[in-house]
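I opened my notebook to look up how side chains meet in a protein model. Come and read along with me.

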Amino acid sequence: MTDINQKALEERTAKAEKEAKAIEEELTKLAKGDLSYIGDERLDKLMSDNEKYKHRLAILQNAIEVERSVGSAKKTSKKRPNLLNDINSIEGTICILDELKNIFEIAITSAYPELEDPPVVLTLSGNNPKFGDYQCNSAMPISQLLKSKNIKTNPREVANNILNKMPASPLIEKTEVAGAGFLNIYLNRTFAEHVLSCILRLGVKPPPVKRERIIVDFSSPNIAKEMHVGHLRSTIIGDSICRALEFLDHDVLRLNHLGDWGTQFGMLIAHLQDKYPNFKTHSPPISDLQAFYKESKKRFDEDEEFKKRAYSCVVKLQSGDPDYISAWKLICEVSRQEFQKIYDRLDIKIEDRGESFYQSRMEKIVKELKDGGYLEEDDGRLIMWSDPNNHDGIPLTIVKSDGGYTYDTSDMATIRNRVEEEKGDRFIYVTDVGQYTHFVLIDACARRFGILKDGKKIEHVGFGVVLGEDKKKFKTRSGDTIKLIQLLDEGLKRALDKLVEKGRDKVLTPEELKQAQEAVAYGCIKYADLSHNRINDYIFSFDKMLDDKGNTAVYLLYALTRIRSIARTAQISTDKLLEEVHKSGFKLVHDAEWKLGKVLLRFPEVILKVANDLYLHSLCEYLYEISSAFTDFYDKCYCVEKDKSGNVVKIFYERLMLCEVTARVMERCLDILGIKTVSKM
């Protein structure tokens with residue numbers, strides 16, 4: 001049977017190599033100067049097929065190696081050869097789920113070489129240890145595929161065939177067929193101990209990924225308007241996404257697409273000239289820019305003469321008049337200083353790049369869209385459809401009837417800049433869910449114009465509304481939008497009250513208390529947002545956020561400081577732990593130790609999932625799972641044994657090592673969520 005399989009695999013490999021070569025030749029021809037294919041779907045398909053065949057070739061070649069090695073092993077030994085790296089070659093973080101997928105893809109391809117892209121279905125097994133740690137559930141769908149080809153079989157037979165073709169791996173202790181054809185996978189404890197030992201020695205390292213240039217557009221308030229709770233979600237979610245991607249060593253550009261251009265600046269400049277005529281020589285004391293904006297808006301709505309002057313100010317600003325540019329810069333700078341106060345408090349790093357940056361780029365793209373025949377006239381406007389042959393839905397408005405540009409124009413210029421000038425690979429926009437349709441349309445029109453190609457796309461990270469405890473849109477009692485700075489101040493007050501209520505002011509120094517207050521206040525606001533599925537609305541409640549039980553930032557911060565205090569109380573330094581790990585190694589003996597160790601091993605797959613789907617609540621759920629597994633471990637396993645007088649009589653170094661690794665993984669997770677940790681609380 002092995003000879004037959006090997007021959008089938010070799011035939012498929014030869015075929016895949018031939019098809020890949022043909023595509024390579026076609027791509028080479030196009031690269032020599034046939035520009036007619038640029039932006040063409042056929043080119044995109046060729047590129048996609050080329051990557052697919054390269055992947056399939058790698059899998060098929062691995063499967064052939066398995067066949068040869070298994071055949072050789074049968075002649076010399078009953079033990080399967082170890083085709084993957086041995087344990088000692090693993091120096092740090094490894095994504096177990098990805099490795100298992102590779103192993104089972106090879107096994108399934110070897111067992112069923114006649115199937116094209118067979119399903120590889122892997123999941124966690126749940127909490128019952130009798131079902132293993134992971135499960136491969138591919139047998140049933142493969143059985144259905146075979147039946148459709150008139151091959152008689154059943155899921156259990158398929159599972160056994162897959163099991164017989166599995167290459168040996170240091171990750172796996174054993175694999176067994178259960179029930180109707182489930183493959184239960186048990187992880188190798190020695191492998192787990194080695195990986196956790198690496199974390200202790202080297203720190204929490206990212207799993208290896210292909211490095212990409214990723215542009216994340218988030219926060220994006222408007223100049224002359226204060227940041228409110230609506231900006232909170234975009235800022236917090238966007239920052240955490242950047243932190244996750246940066247941890248994986250991607251080249252991340254964090255952009256703040258400020259609303260710093262447009263007709264509103266005419267009325268602001270006109271009002272500035274009237275209220276502070278010497279603004280060019282004396283910096284005006286505009287402490288409340290929101291009030292300044294409201295004053296100018298009131299005049300604009302009620303005073304026809306002021307409105308005319310405001311429009312003339314816009315014309316002069318857009319024509320580059322130095323005095324008007326100075327006034328515009330002054331207003332922008334006052335706003336930026338106010339925004340920065342919030343960013344500093346929330347520890348947000350972001351690069352301002354407002355709409356003004358794209359003005360010349362908008363002019364250029366509008367001309368090219370006109371010249372290329374992409375625009376159609378509609379009641380004086382110039383519009384663009386994503387499909388020129390299908391006018392269902394809504395188009396982009398590229399030029400208004402008065403000749404002005406719109407958000408659509410700006411976003412087309414923006415995505416072009418990010419693709420062609422910034423050389424981005426991924427383009428992430430963090431806004432409310434209401435803008436989803438807009439970004440779908442921008443993506444489609446950018447694709448039609450040839451900006452987006454080779455599988456590149458706009459990724460819209462949408463989020464729901466923040467609600468008050470009355471389940472209505474979060475506002476003040478007077479109905480005004482809540483200012484973000486006020487929200488942060490309230491958080492600080494309540495966090496201090498909570499710490500004093502627990503008597504922490506009696507045991508912490510003033511500096512430690514201040515650090516704990518800020519960590520709790522800003523951490524609880526961030527975590528309450530990030531721990532919810534971002535698509536959904538969520539209720540803003542300080543009482544729930546500051547609860548020290550359940551899945552909250554306060555509970556996790558307390559849990560972390562308790563873990564850190566165990567070694568500190570025993571007066572065991574990290575250096576001493578490292579000495580012990582070199583002497584005795586890292587051991588997971590007790591069931592509770594093994595359970596916690598397996599949870600910690602899953603960090604790479606959780607962070608890769610977050611980087612892929614951009615849902616941060618998965619990381620929050622994982623953090624809570626770690627703390628729950630640690631509580632179970634700590635309840636059942638002594639780390640430090642004391643006599644009746646409280647003197648330390650025995651130290652379980654292997655368990656202190658597990659405490660240290662747990663703390664490091666938790667700290668890394670909290671850092672990715674943008675939450676600062678403290679040593680004492």
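These are my entries, sorted by topic.

**Ground rules**

I am working with a predicted model, where local features need pLDDT of at least 70, side-chain atom pairs count only at pLDDT 80 or more, and totals for chains, interfaces and linings use all residues. Residues are numbered from 1 along each chain as its sequence is written, and side-chain values use heavy atoms, with hydrogens and water left out.

**Entry 1: aromatic rings**

I began with aromatic pairs, and a search of the whole structure gave me 11. Rings of Phe, Tyr and Trp (its six-membered ring) pair if their centres lie within 6.5 Å; planes under 30 degrees apart count as stacked, over 60 as edge-to-face and the rest as tilted.

Why is the pair of W261 and W328 edge-to-face? I found their planes at 90 degrees, with the ring centres 5.3 Å apart, so the pair gets that label. This pair links distant parts of the chain, 67 residues apart: W261 sits in the loop between β6 (251–256) and α8 (264–275), and W328 in helix α11 (residues 322–346). For these names I noted that helices (H or I, at least four residues) and strands (E, at least two) are DSSP runs, numbered from the N terminus.

My cut-offs: buried means under 20% relative accessible area, exposed over 50%, and partly exposed in between (1.4 Å probe, protein chains only).

I then looked at F357 and Y358, which also form an edge-to-face pair, with 4.9 Å from centre to centre and 80 degrees between the planes. F357 is partly exposed, with a relative accessible area of 30%, whereas Y358 is buried at 0%.

I also wrote down a cluster: ring pairs link F474, F540 and F542.

**Entry 2: charges over rings**

Which residue lies over the face of F357? I found R353 there, at 4.6 Å from the ring centre. K174 lies over the face of Y186, at 4.7 Å from the ring centre. To count, NZ of Lys or CZ of Arg must be within 6 Å of the ring centre and within 35 degrees of the ring normal.

Next I looked at helix α4 (residues 139–148), where A139, I142, S143 and L146 are buried. Where do these residues fall when I look down the axis of α4? They stay within an arc of 105 degrees, so they line one face of the helix. The arc is that of the directions from the helix axis to the C-beta atoms.

The buried residues of α4 pack against α3 (96–111) and α5 (155–164); contact means heavy atoms within 4.5 Å. Just after α4, I saw that N150 takes a positive phi of about 65 degrees.

**Entry 3: salt bridges**

How many salt bridges does a search of the whole structure find? The search finds 53. Each is a side-chain nitrogen of Lys or Arg within 4 Å of a carboxyl oxygen of Asp or Glu.

I looked up D274 and R299, whose closest N and O atoms are 2.8 Å apart. This pair links distant parts of the chain, with D274 in helix α8 and R299 in helix α9 (residues 289–302), 25 residues apart. D274 is partly exposed at 37% relative accessible area, and R299 is partly exposed at 25%.

E295 and K275 form a salt bridge as well, with the closest N and O atoms 2.9 Å apart. Here E295 is in helix α9 and K275 in helix α8, 20 residues apart. Both count as partly exposed, E295 at 32% and K275 at 38%.

R447 and D443 meet in a salt bridge of 3.1 Å, N to O. They are 4 residues apart in helix α14 (residues 436–448), which means they are separated by about one helical turn. R447 is partly exposed at 30%, but D443 is buried at 13%.

I also noted a network of salt bridges that links D239, R243, E246, R254, D347, K349, R668 and D671.

**Entry 4: a buried arginine**

My last stop was R602, in the loop between α21 (591–601) and α22 (603–613). R602 counts as buried, at 10% relative accessibility. What does R602 touch, not counting residues up to four places away in sequence? I listed L124, Y134, Y622 and E625.
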